[in-house]
Amino acid sequence: MAIESPLISNSSVFEMFQSFVGKKPNEYFLIDEVNGSYTWSQALERARSIAGSLQVMLGASGKRVSILSDNSADWILTDLGIMISGHVSAPLFTSMSADKFEYALTFLDVEVLFLGPAANWEAVKHKVPPGVTIVALPNLD
């Protein structure tokens, strides 16, 4: 017996996301009390904007892009933008040591690092390899 569920699908994450945008564009997708909330259509617009910026910055798909940030709506939208752009998302933990942070960025050959609030930023910022472009997420001090 096959299980039918809207959550079980052979579709990609982005295809499922687009399906929800089509079904309920003006309903809330993300509610973030600190950085603002997004409807499904607003989230798609924001993710496409991020994707477009990445395509201008990096060109062809397949490059590694990291996110170092606490969990937030901006984190999710950035990850979606990376997917849409065809690049590879390589998230980092906000609890990583400086050595592990440096190893991850170097081993993965990360070209862009999206930075949001992160408890370990002061400890790891000196380990960002040369050539990595840092992009601040909204509302970052």
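**Close-up views of a predicted model**

At 10% relative accessibility, Trp40 counts as buried (buried is under 20% relative accessible area, exposed over 50%, partly exposed in between; 1.4 Å probe, protein chains only). The model is predicted, so local features need pLDDT of at least 70 and side-chain atom pairs count only at pLDDT 80 or more, while totals for chains, interfaces and linings use all residues. Residues are numbered from 1 along each chain as its sequence is written, and side-chain values use heavy atoms, with hydrogens and water left out.

**View A. Phe20 and Trp40 form a stacked pair.** Their ring centres are 5.0 Å apart and their planes lie at 20°, so the pair is stacked. Rings of Phe, Tyr and Trp (its six-membered ring) pair if their centres lie within 6.5 Å; planes under 30 degrees apart count as stacked, over 60 as edge-to-face and the rest as tilted. Phe20 is partly exposed, at 21% relative accessible area.

**View B. One aromatic cluster is made of Phe14, Phe17, Phe20, Phe29 and Trp40.** The structure holds six aromatic pairs.

**View C. Lys23 has its charged end over the ring of Phe20.** The distance to the ring centre is 5.7 Å. A charge sits over a ring if NZ of Lys or CZ of Arg is within 6 Å of the ring centre and within 35 degrees of the ring normal.

**View D. Lys127 touches Ala98, Asp99, Phe101 and Glu102.** Residues up to four places away in sequence are not counted, and contact means heavy atoms within 4.5 Å.
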